[in-house]
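This briefing is for a reader with the sequence and the 3D structure at hand. Please look at both before reading the points.

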Amino acid sequence: MDMTVVRGRIGRLTGCAEIAAMLLVGSAALAEPQMLLVNAKVFTADPASPYAQAVAIEGGRILAVGSNGQVRALGGAKTRVIDAGGRLVTPGLIEAHVHLGTELPTPPLPVPNLPFPGPTPEEALAAVEQAAGAHKDWITAYVGPLVARDRRNWRKALDAVAPETPVFLKGFWGHTSIINSEGLRRLRIAEDIADPLGGWWGRDESGGLDGRAYEAAETITPRIRPPTVERLAAAFDEAQKRYARWGVTSIHLMNNDKTAEMTLAALTAVKPLQKWTVYSWGTWQTTAQRIPDAWAVINTAAKQAPAKVRVEGPKWILDGTPIEQNSFQRAVYDGRPGWRGRSNFSDEQLREILQLALAHPTQLTLHVVGDAETDRLLNMMAQLAPASVWRSKRVRIEHGDGIGRDAFERVAGLGLVVIQNPTHLAIPPTARKKEHEHNIVLKSVEDAGIPLALGSDGGPREQNPFLNLMLAVVFPNEPAEALTREQALTAYTAGGAYAEGEERRKGRLAPGFAADLAVLSQDVLTIPTPQLPATTSLLTMVDGEVIFADAMFAPPR
């Protein structure tokens with residue numbers, strides 16, 4: 001039976017009275033459920049009725065949520081009944097921001113002290129020199145802020161220790177790369193290369209390349225070892241299987257370092273377990289250096305998407321981060337007189353991005369970190385359209401570290417959605433001090449009425465969502481900004497669905513919603529905080545189909 005019909009008859013289940021009313025319809029008027037989950041602690045993520053005992057599933061959707069007795073009464077002869085044994089059942093987790101399939105082009109050189117503060121410049125150069133004596137192929141390595149912030153001419157420094165070996169160093173967080181002369185030669189990057197849309201090449205006093213590549217200029221990475229559909233599919237498959245074991249049922253892929261066409265081909269080959277929303281990377285699609293090209297790619301890609309996959313975006317990186325000191329800040333960076341970072345796009349380019357977003361149905365997503373860049377964005381949005389129009393567009397702000405309390409009212413009024421990454425809270429305070437006028441906040445965003453979703457910002461591999469959940473409810477160094485466990489779990493479920501415009505279809509356990517859920521190994525709402533990262537899913541379902549089951553919940557043969 002069409003669940004829209006059922007919903008029309010019974011409405012949404014928001015309380016015991018409505019559950020009773022639904023039961024009065026009689027099981028004969030409803031399809032016999034394929035499955036019942038009973039004897040559970042059901043967290044629905046529905047503020048009107050946040051807890052229940054049992055769930056009925058039919059046709060890939062939630063048929064009913066209520067007490068054990070009420071839901072059991074709906075069962076039939078063919079209904080499978082699963083006893084959850086008192087375990088916590090939640091909506092499927094939604095990973096709202098992750099980077100997958102973005103490995104370095106060759107195995108990275110081991111360097112000390114990653115991620116923070118990373119190797120010193122001298123340690124990095126010594127490691128490269130030693131490796132250069134052993135082989136002549138590409139040397140690649142991740143580096144931290146100590147290297148990224150060092151203002152020496154890195155091209156010359158690397159040439160001195162590896163004159164004949166190509167070298168590629170990359171900030172582990174992205175946004176900055178370093179390459180030597182042999183690497184530039186092999187990639188055929190000439191001294192007069194133009195800055196790409198949304199990025200730039202570092203240059204010395206004489207105008208020559210100094211080895212640095214920022215933002216969109218980092219597209220050199222795949223040219224070292226071009227990606228293939230097969231390798232990308234393998235990375236996606238490994239990730240989705242691990243995510244299934246954590247109870248993740250939806251993935252928001254920030255699709256950097258690869259085209260939408262290749263990503264969709266890889267997902268088609270994989271046959272997705274979860275629901276994927278691919279946020280197409282604006283500067284990766286604009287081969288002609290034209291901003292409208294990004295939307296043209298999305299229009300084509302959307303027609304190629306396999307089942308369970310949506311294409312949204314484009315995503316634009318408006319500024320960098322304080323780690324390499326390129327996020328656009330109100331205050332001057334410590335140790336760099338006169339430097340406040342910079343925007344990746346001119347005012348004219350940002351205006352064109354926003355105007356095209358107003359004209360197209362796809363969802364715009366923006367990486368915005370600096371408080372000055374946040375000011376620039378909010379001012380230009382206000383110039384181009386009324387707040388009511390922007391609210392209908394539901395623009396995503398990835399990270400949003402620069403959204404201070406003085407901007408809360410404007411952000412909420414424009415209907416912006418903030419996707420924050422608790423993993424960033426693990427950055428040592430010494431790496432953040434004096435680099436932000438506004439620190440990352442969670443509770444204040446929630447209290448201001450700004451929609452909040454959580455993602456790991458993992459990459460090149462997926463990250464444990466329960467580690468992120470722990471960081472969100474502990475909030476190291478500023479406990480007053482911690483979320484409650486219910487708030488954090490809601491942000492990881494209903495918040496993620498809202499962030500992608502799917503809040504009427506998934507993210508909650510309520511009649512008519514997709515049967516995306518997880519039976520967790522631990523009650524993340526009550527266990528001691530340090531135990532949260534050890535949580536797994538014992539049963540994960542997407543649209544009522546089991547994508548992972550522990551032995552205790554394996555279907556009978």
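This is a predicted model: local features need pLDDT of at least 70, side-chain atom pairs count only at pLDDT 80 or more; totals for chains, interfaces and linings use all residues.

**Helices α9 and α10**
- Helix α9 spans residues 229–245 and helix α10 spans residues 260–270; their axes come within 8 Å and cross at roughly 60°.
- Angles of 65 to 115 degrees count as roughly perpendicular and those under 35 degrees as roughly parallel, and α9 and α10 are therefore oblique to each other.
- The crossing of α9 past α10 is right-handed.
- On the α9 side, the contact is made by Val-229, Leu-232, Ala-233, Phe-236, Asp-237 and Gln-240.
- On the α10 side, Met-262, Thr-263, Ala-265, Ala-266, Leu-267, Ala-269 and Val-270 take part.
- Sorted by class, the residues of this contact are 10 nonpolar, 2 polar and 1 charged.

**Strand β1 and its partners**
- In strand β1 (residues 35–38), Met-35 and Leu-37 point one way, while Leu-36 and Val-38 point the other way.
- All four of these residues, Met-35, Leu-36, Leu-37 and Val-38, are buried.
- Strand β6 (residues 80–83) runs parallel to β1 and is joined to β1 by 4 bridges; Asp-83 in β6 stands opposite Val-38.
- Strand β4 (residues 54–58) runs antiparallel to β1, with 3 bridges between the two; Val-55 in β4 is the bridge partner of Leu-37.

**Glu-373**
- Glu-373 is part of helix α14, which covers residues 371–384.
- Is Glu-373 buried or exposed? Glu-373 has a relative accessible area of 0% and is therefore buried, as the cut-off is under 20%.
- Leaving aside residues up to four places away in sequence, Glu-373 touches Leu-318, Asp-319, Phe-328, Ser-343 and Val-368.

Conventions
Residues are numbered from 1 along each chain as its sequence is written. Side-chain values use heavy atoms; hydrogens and water are left out. Axes are lines fitted to C-alpha atoms, for helices over the stretch in contact, and angles run from 0 to 180 degrees between N-to-C directions. Angles under 35 degrees count as roughly parallel, over 145 as roughly antiparallel, 65 to 115 as roughly perpendicular and the rest as oblique. A crossing is left-handed if the near helix is turned anticlockwise from the far one by less than a right angle, and right-handed if clockwise. Contact means heavy atoms within 4.5 Å. Ala, Val, Leu, Ile, Met, Phe, Trp, Tyr, Cys and Pro count as nonpolar, Asp, Glu, Lys and Arg as charged, and the others, Gly among them, as polar. Buried means under 20% relative accessible area, exposed over 50%, partly exposed in between (1.4 Å probe, protein chains only). Two strands pair if DSSP finds at least two bridges between them.
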